[in-house]
Amino acid sequence: MGDMDKLSTRKTVLDARKRHGVPKRQHPVFLLMSTTMEKDADGFYNPVEPAPETKDKPAEEVAKDGETKTSLDSDLINSTFDVNVTLADQQGNPDSPLYSAKTFEELGLHADLLKGIYDMGFSKPSKIQERALPLLLSNPPTNMIGQSQSGTGKTAAFVLTMLTRVDFDLHKPQALCLAPSRELARQIMSVVIQMGKFTSVQTEYAIKDNLPRDATSVTAQIIVGTPGTMTDLIRRKVIDVTNIKVFVLDEADNMLDQDGLGDQTLRVKNMIPRGIKMQIILFSATFPDNVRRFASKFATDANKIELRRNELSVSNIRQFYMDCRDEEHKYDILVSLYSLLTIGQSIIFCKHRHTADRISQKMTAEGHKVASLHGAKDATERDSIIDAFRQGKDKVLITTNVIARGIDILQVNMVVNYDIPLMNERGKDSNEPDVETYLHRIGRTGRFGRKGISINFVHDQKTWSYMNQIEQVLGKEIIRIETNDLNEMEQKMKKALK
Ligand SMILES: Nc1ncnc2c1ncn2[C@@H]1O[C@H](COP(=O)(O)OP(=O)(O)OP(=O)(O)O)[C@@H](O)[C@H]1O
């Protein structure tokens, strides 16, 4: 497709979007749980009697993110380019998802947890924290399905709930938290440890190769892990689940996806005795409609905090695309971007593990310093790669969807979609772009209001149309950057990061 054709297709799409607008999401319907339960085909326990009452609570909605800009100096960046990392102070802007009218004190948290929060440098809750925490901490405990944009502080909301609910004098597992990758489980654990620093909480991992093989029983109160290993440890009675009070799914839409981790997650839930009253907490930046239905069955009678479709992406992430000639040209462009990729830190997302390895080997051979991470590497190697990247020892990480979700590294100011994510890569029977994965990928930058940029590589009509579909769904313009004008490219990017 020629450039002019593309431009006109693009204009038509933009005009169409403007004409039709973006549909609003319907308010959810809530069912009260009955006491007599029966297992259904999906593996859920449902009321045998018709639900006694249907209530229609309006969904809480998190307002659109704002545009307030505050630049702070940062020593994270050591660059030949004149670009600052801009740390957000959007917490004063009522339109921002980081804004809150309340203080942490008003949210009813224990003094030891307040100390932990302030020790982490948080001064005010974000919007999701302000809204979710009073609901999460109220008694009797109520389930929660919570949605808020990437990088807006969902982790603190569920970690504080786990730390509030567990009894530190009881040396038994009381809170289970599941995440889709070992990298994310390790990150969540570091938040539990930091926030619980002034408590006597004990923690344990349920991730591959982390427990001694002969471990008999875990005495820690909070267990964080991935569903396969969690299932294994519960089955082997290493983890006793008879005292569980809180069950958290981070990246819940992914954890409940029936073409993905859904079965394993459900298995964990069904291993917890039914008589036990536990609070189920589901958080994610995305909840596609088909998963939402499943989520409401998984976490019955939940309080819900939802976003509208046009609120899903944060505007501090500027989205670009580059029109490459073919696959080989994509590689050349990536290499030509290297100096920009290392202004801060960057994550390059590819479709296949072998592409990630191939690019990283080729770039390394050409004298660039890059690392690659994917699920085929063993546990120890994965840990050391992500740790080195977190510490800033590596500045460019080439990877797959394995770290598309949740990973929080503040210095990442650029994300490249070397390949646009597609639904069929997630086991779906569909040749459509995967908008959820796209949102999570670009959300690895622009954390908590910082500036970030994402660049999509398109190289043929198909990839071009995938990108257009994503643009339409999200209602945010993806801006073209010339591939043959390095100067313009630099200017545009530097401007976006300022
Ligand atoms: N109240 C706060 N004040 C300052 N920083 C905060 C606050 N809450 C969270 N943060 C920081 O914001 C960053 C993003 O938070 P977090 O990782 O919980 O986002 P998230 O909403 O879970 O994102 P994702 O959807 O990508 O998983 C973290 O570095 C975290 O320490």
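These legends describe close-up views of a predicted model. Local features need pLDDT of at least 70, side-chain atom pairs count only at pLDDT 80 or more, and totals for chains, interfaces and linings use all residues. Residues are numbered from 1 along each chain as its sequence is written, and side-chain values use heavy atoms, with hydrogens and water left out.

**View 1. Two domains of the protein chain.** Domain 1 spans 83–311 and domain 2 spans 317–496. These bounds come from an automatic or database domain assignment. The domain centres, taken over C-alpha atoms, are 27 Å apart.

**View 2. The interface of domain 1 and domain 2.** On each side, 30 residues take part: 30 of domain 1 are in contact with 30 of domain 2. Contact means heavy atoms within 4.5 Å. About 2,600 Å² is buried between the two domains, 50% of it on carbon and sulfur atoms. Buried area is the accessible area (1.4 Å probe) that two parts lose on being put together, summed over both.

**View 3. Polar and charged pairs between the domains.** Nine salt bridges are counted between domain 1 and domain 2. A salt bridge here is a side-chain nitrogen of Lys or Arg within 4 Å of a carboxyl oxygen of Asp or Glu. Asp 383 and Arg 186 form a salt bridge through their side chains, at 3.5 Å from N to O. On the side of domain 1 that touches domain 2, α5 (182–195) and α7 (252–255) are the elements that give two or more residues. The largest share, five residues, comes from α5. By type, that side holds seven nonpolar, 13 polar and 10 charged residues.

**View 4. The Lys 172 and Asp 240 salt bridge.** By the salt-bridge rule, the count comes to 25. In one of them, the side chains of Lys 172 and Asp 240 meet at 3.9 Å, N to O. Lys 172 sits in the loop between α4 (154–165) and β7 (175–178), and Asp 240 in the loop between α6 (227–235) and β10 (246–250), so the pair ties together parts 68 residues apart in sequence.

**View 5. Two spans annotated in UniProt.** An unreviewed UniProt entry places "domain: Helicase C-terminal" at residues 316–494. That span is 39% helix and 20% strand, with its end C-alpha atoms 14 Å apart. The UniProt annotation "short sequence motif: Q motif" (unreviewed entry) covers residues 102–130. Residues 102–130 are 45% helix and 0% strand, and their end C-alpha atoms lie 7 Å apart. Helices (H or I, at least four residues) and strands (E, at least two) are DSSP runs.

Terms used:
Polar contact = N/O pair within 3.5 Å; in protein donor to acceptor, adjacent residues only side chain to side chain. Nonpolar A, V, L, I, M, F, W, Y, C, P; charged D, E, K, R; others polar. UniProt positions renumbered as here; feature names shortened; annotations may be inferred.
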